[in-house]
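Notebook open, viewer open. I wanted to look up a handful of things in this chain and write each one down as I went.

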Amino acid sequence: MNPRLQGLAPAATQQVMIAGQALDAGRVDEADQQLTQVLAAYPDHPEVLRMKAGIFSMRGQHPEALRTMQRALAQRPQDALYHNTLGSLLGTAGMYEAAIEALHRTCELQPGLPLAWYNLGVMLTKCVRNEEATAALQRAIALAPNHMGARALLADLLRTRGLVDEAAAEYRKLIAERPCEGLAWWGLADLKNQRFSEADVAQMRAAQLRPDATERDRISIGFALAKALDDAGQYAESLDALAQANTIGRRLQPWNAAAFSASVGGIHAAFEGAQASAPAPLGQEVIFIASLPRSGSTLVEQILASHSSIEGAGELADLPLVLGEESRRRGKPFPQWVSEMQAADWERLGRRYLERTARWRQERPMFTDKLPNNWLYIDAIRAMLPGAHIVLCRRDPLETCFACYRQQLDGSNGYTRTFEDISSFWRDFDRSATLGAARHPSHVREHSYETLLEDPEAGIRSLLAFCGLPFEAACLQFHENRREVRSPSATQVRQPLRRDTARTARYGSLLDPLRKALDLPLWQA
C-alpha cells in the first residue's frame, strides 16, 4: 500500500485512489465527489489535503489550493512529492519563481525524480531562463529516456533558436515512439511551415481513439488536426476538430467570463482620478508590449529587438509577480490596496521590477516585456514606472478571436474555448486599451497590425519615435534577427512581412456565430 495513505480506513483509501485517477484524467467533479466524504472523516490527513489542493487548483481557486497544500506540507516537510505538488500549484497560479524554489527543493530531496526535473524545466522556460531549463530537461531525460514531455519541450526550445528542421525531426521521432503524443503533433503544427500529409491526418484520427491517449493528448492532436484540415481547405471539418478539442479543454479548465469582466472593471475603478506615482523618469528602460495573443505582438517585439538599443526579453512574468508580492505583503488582492499606495510605495514596486529584470539590460540599455495580459495593469505600470512606454497591439477583432480559438495556448488562456468567452475577453481588452490610451496618451500607443502591413516603414518609424528612439534600417529587416523567440509566431517573424495571414474569409458563413458574438455584421459573399 502507498505509505502516504497510512491512517486511512480501507474504504477511504479506495476513495482516495479513485479520486487520484479521476484527477489524472481531468475529471474534477468526480474526484471531488470521491474526496468529500473522506475529507469529512479525515480533515487533516496530508494526502487527502494534497489531493484537495489539486482540485482547488484545477478549478482556478489558487489561494485555496496553496493554503491547503501548505497544511499538507507542514506534516510532511521532507516528502519530495509534496514539494513537487506545491511547485506545480504555484506554477499554475502564475507564481513561477516560488514554483522554481519549491521544485529545486524537490530535486534536492529526491535527485532521481524525473518528474521534478521536468516540472522545473517547464517553470524555467516560463521565466525565459532557457539555458537552465535545457539543463533541467536533459537531467529528466537522463533519468527517464522515454519522458515524452521533457523531450517535446526540448524540441520546443530548438524552435525558439530557429532550428526548425531539428525541432521537426525530434517531434517526428516522438510520434514514431508514441503515436498519440499530443505535444509532438501540436509542435509540428505550430512550426507553421509543416504541411501534414493524408497519412498524417489518418494517423492523428487514429491516435485520438487510442486507449493510451490522455485528454490532453486529444486536445493537442485536435488542434494539429484542425491545422491540417485547414491547410487542405476542409474548413467545416477543421472547425469540428477545433470544437471537439476546445470542449475537452473547457471541461478540464472552466472559464468564468462574467467574473473576469467584473475584475477588469474593478481595476479600472481603482485607478479613477489622480494617482500617486513614482518619479517620472523611472522605467524609461522598459517597453511593454501587451495584447490578445495572435495580434502581432511578437512581430512588434522582433522589430524593436532589431534596434541596437533594445533587448527582446519575451514574455516576462515579473510585473504580475511584483504585484502579487505586494498583495501578499498587504494581505489583500490587487487592486484592493491601490487606494492605500503613496508615491514611495509605487517607486518601491517600480524599483523591484527593475531589479528583477536587470539581466535584460546587461548588453543593451532598453528591453521589451511582451507578457500579453499586461494590458490589465496599464495604470499600475504608469504608477510604478512612469517613464515606461506601453504598446497595445490591435488586430482585426474577428481575425484575432478566431486565431486565438484555433491556437493551442497554455492554461492561463481558458477564455479561448468558446466564441462567447473569447468575444467577452476581447471586449475587456478593447475597453482597457481605449481607456489606457485616453488616460495616458503620451506613454500608451495603440498599434494597428493592419496599418503596419499597409506601410511598414512608416509604421516602424512611428513606433520607434513613440519609444524615443532614432530610426535604424535593421528594424525593417527584422526577419534577419537570429534572437530566440518563444511564441507561436516564432517561425513567422523569421520571414519577411507577410500579408496573407488573414483567414476568416475562407470560412465564410461558418464563422457567423463568432461574428454574432462580436456584434459584427454577418458574412456576405
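Below are my entries, beginning with the whole chain and moving on to single residues.

**Ground rules**

I am looking at a predicted model, where local features need pLDDT of at least 70, side-chain atom pairs count only at pLDDT 80 or more, and totals for chains, interfaces and linings use all residues. Residues are numbered from 1 along each chain as its sequence is written, and side-chain values use heavy atoms, with hydrogens and water left out.

**Whole chain**

I looked up the secondary structure and got 25 helices and 5 strands. Helices here are DSSP runs of H or I with at least four residues, strands are runs of E with at least two, and the numbering starts at the N terminus.

Next I checked the radius of gyration, which is 23 Å, close to the 24 Å that the globule rule gives for 525 residues, so the chain is as compact as a globular protein of that length. That radius is taken over C-alpha atoms, and the rule is 2.2 Å times the number of residues to the power 0.38. Along the principal axes, the C-alpha atoms fill a box of roughly 70 × 60 × 45 Å.

How much of the chain is buried? I get 57% of the 525 residues, where buried means under 20% relative accessible area, exposed means over 50%, and partly exposed is in between (1.4 Å probe, protein chains only). The chain exposes about 22,200 Å², with carbon and sulfur atoms supplying 52% of it. Those areas come from the Shrake-Rupley method with a 1.4 Å probe, and for residues only the protein chains shown count as cover.

I also looked at contacts (heavy atoms within 4.5 Å). Of the contacts in the chain with a separation of 6 or more, 68% are between residues 24 or more positions apart.

**Helix 2 against helix 3**

Two packed helices are described by the angle between their axes and the distance between the axes. For helix 2 (residues 28-41) and helix 3 (residues 46-58), I noted an angle of about 145° and axes 10 Å apart. The axes are lines fitted to C-alpha atoms, for helices over the stretch in contact, and angles run from 0 to 180 degrees between N-to-C directions.

Which residues meet here? From helix 2 I have Val-28, Ala-31, Asp-32, Leu-35, Val-38 and Leu-39, and from helix 3 Val-48, Leu-49, Met-51, Lys-52, Ile-55 and Met-58. By class, this contact has 10 nonpolar, no polar and 2 charged residues. For that count, Ala, Val, Leu, Ile, Met, Phe, Trp, Tyr, Cys and Pro are nonpolar, Asp, Glu, Lys and Arg are charged, and the others, Gly among them, are polar.

I clicked on Lys-52, which is found in helix 3. Is Lys-52 buried or exposed? Lys-52 is buried, with a relative accessible area of 15%. Not counting residues up to four places away in sequence, Lys-52 touches Asp-32, Leu-35, Leu-39 and Thr-68.

**Gly-26**

Gly-26 counts as buried at 7% relative accessibility. Leaving out residues up to four places away in sequence, Gly-26 touches Met-58 and Leu-252. Met-58 is also on my list for the helix 3 side of the helix pair.

Ala-228 sits in helix 13 (residues 215-231) and counts as buried at 5% relative accessibility. Beyond its neighbours within four places in sequence, Ala-228 is in contact with Phe-196, Val-201 and Met-204.

Thr-504 belongs to helix 24 (residues 504-507) and is buried too, at 7%. Its contacts, not counting residues up to four places away, are Leu-398, Glu-399, Phe-402, Leu-511 and Arg-515. I also checked Thr-400, which is 104 residues from Thr-504 in sequence and 9.7 Å away in space, C-alpha to C-alpha.

Where is the cis peptide bond I noted? A cis bond joins Phe-334 and Pro-335, with omega about 10°, and Pro-335 is in the loop between helix 17 (318-330) and helix 18 (343-356).

Val-128 is not a glycine, yet has a positive phi of about 55°; I found Val-128 in the loop between helix 7 (114-126) and helix 8 (130-143). Asp-519, also not a glycine, has a positive phi of about 60°. Asp-519 is in the segment after helix 25 (512-517) and counts as exposed at 64% relative accessibility.
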